[in-house]
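Here is a report on one protein chain. It follows the strands, the aromatic rings and the cores.

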Amino acid sequence: MTGDIGEQGTCTTCAYTEDFSNYWTAAMYFKHSNGSYKRVKIYPNAQLDAASIKGGMTIYYTQKDFNSSDLGNYITAFPPGFRMTVGNPTVNSVNGSQKGLAYTCLDTILTRGRETQDFPKKPCSAGIMAIQPSTNFLSSHFPACWDGKSLDSPNHQDHMFSTTKGGFQPAGPCPPSHPVRVPQVAYETMWNTTEFADMWPSDGSQPFVWSYSDGKGYGTHADYVFGWKGDSLQRVMNNSCMFHDCGSPGMQGILKTQTVEEMNKCAVESTVVEEVDGWLEHLPGYEMTIID
């Protein structure tokens, strides 16, 4: 989809009815010791307060970089047509992994911290939380400095710049090449791996794999395509609201919201005929015939 998505969308699975943005991460699969695969389901984050929500991805937009020396900068909402990515699916070692892309082995749904850059190596009582980018170190997130001109770039990343230094060191101000401070964006996805706790390989090997065949986890990545309607994102960036004060499912705030029932009604019909759920002999897409 291209152009002004906010004006093209007809429904949204988000709590905020003016957000038609596209948020994407890869699907996670469990690889059984017999070689078959099964898709791992996602579940709602604790802060959503609604077990009936169909989905587990939580999207954060923050008005300020909490650890930044550039706090005085005006936050400019993304323009229609804007898109970016973070991470790289070809990375296969910790040396190439990007700071801020991490995993948390959940003891409970509220577990935070103790992040790793690769998949957890033991069963996790409440599943795995994948973070793009990491929220343990508040200076790690999608790049938040934009060149102010390009809606995209050939690798979907060069039009953005990150000034974070890692750990709890203050992030630097946006450079002249990327002078426009935009909202801080982060994803959290809750993966319900508990279904497979009794199927953990007897040799202790890590059994989870991303849908692009990454069994280590270093290549985790995320895509973002802006799609807020009108000036809605700018309105909230101009406000100091946080979490539920901005609005939550069925509760109006600075932003217009909808109920969980309304959120769940929105779905995109699949355009690819292939089985992706249940026990599979191979990861989806890996034995499909490609017709040019």
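Asn-22 has Val-225 in β14 as its bridge partner. Strand β1 and strand β14 (residues 221-225) run antiparallel and are joined by four bridges. Strands here are DSSP runs of E with at least two residues, helices are runs of H or I with at least four, and both are numbered from the N terminus. Two strands pair if DSSP finds at least two bridges between them.

This is a predicted model: local features need pLDDT of at least 70, side-chain atom pairs count only at pLDDT 80 or more, and totals for chains, interfaces and linings use all residues. Residues are numbered from 1 along each chain as its sequence is written, and side-chain values use heavy atoms, with hydrogens and water left out.

**Sheet and strands**

The β1-β14 pairing belongs to an open sheet of three strands, in the order β1-β14-β5, with antiparallel pairing. β1 (22-25) and β5 (83-87) are at the edges; each has a single partner strand, so one side of each lacks a neighbour in the sheet. On average, neighbouring strands of this sheet are turned by 10 degrees against each other, direction ignored. Axes are lines fitted to C-alpha atoms, for helices over the stretch in contact, and angles run from 0 to 180 degrees between N-to-C directions.

Strand β12 (residues 184-191) is mostly covered, with eight of its eight residues buried. Buried means under 20% relative accessible area, exposed means over 50%, and partly exposed lies in between (1.4 Å probe, protein chains only). In a regular strand the side chains alternate between the two faces of the sheet. In β12, Gln-184, Ala-186, Glu-188 and Met-190 point one way, while Val-185, Tyr-187, Thr-189 and Trp-191 point the other way; all are buried. Strand β4 (residues 57-62) runs antiparallel to β12, and six bridges join them. Thr-58 is opposite Glu-188 in β12.

**Aromatic pairs**

How many aromatic pairs are there? The count comes to 21. Rings of Phe, Tyr and Trp (its six-membered ring) pair if their centres lie within 6.5 Å; planes under 30 degrees apart count as stacked, over 60 as edge-to-face and the rest as tilted.

| Pair | Centre to centre | Angle between planes | Class |
|---|---|---|---|
| Phe-78 and Tyr-224 | 5.3 Å | 55 degrees | tilted |
| Trp-191 and Trp-210 | 5.7 Å | 75 degrees | edge-to-face |

Phe-78 has a relative accessible area of 3%, so Phe-78 is buried. Tyr-224 is buried too, at 0%.

One aromatic cluster includes Tyr-23, Tyr-61, Phe-78, Tyr-187, Tyr-224 and Trp-228.

**Cores**

The largest nonpolar core has 28 residues. Such a core is a set of buried Ala, Val, Leu, Ile, Met, Phe, Trp, Tyr and Cys residues joined through side-chain atoms within 4.5 Å. Which residues have the most contacts inside it? They are Tyr-61, Phe-78, Tyr-224, Trp-228 and Leu-233. β5, β12, β14 and α2 each supply at least two residues of this core. The largest share, three residues, comes from α2. Beyond four places in sequence, Tyr-224 touches residues including Asn-22, Tyr-61, Phe-78, Met-84 and Tyr-187. Contact means heavy atoms within 4.5 Å. A second, separate core of 16 residues includes Ala-26, Val-40, Phe-196 and Trp-210.

**Two single residues**

Gln-234 lies in helix α2 (residues 232-237). Is Gln-234 buried or exposed? Its relative accessibility is 16%, so Gln-234 counts as buried. Not counting residues up to four places away in sequence, Gln-234 touches Tyr-74, Ile-75, Thr-76 and Ala-77.

Arg-112 is in the loop between β6 (102-105) and β7 (115-116). Arg-112 is partly exposed, at 35% relative accessible area. Leaving aside neighbours within four places in sequence, Arg-112 contacts Asn-45, Leu-106, Met-129 and Glu-188. Arg-112 and Met-129 are 17 residues apart in sequence and 9.1 Å apart in space, C-alpha to C-alpha.

**Whole chain**

The protein chain holds three helices and 15 strands. Of its 292 residues, 48% are buried.
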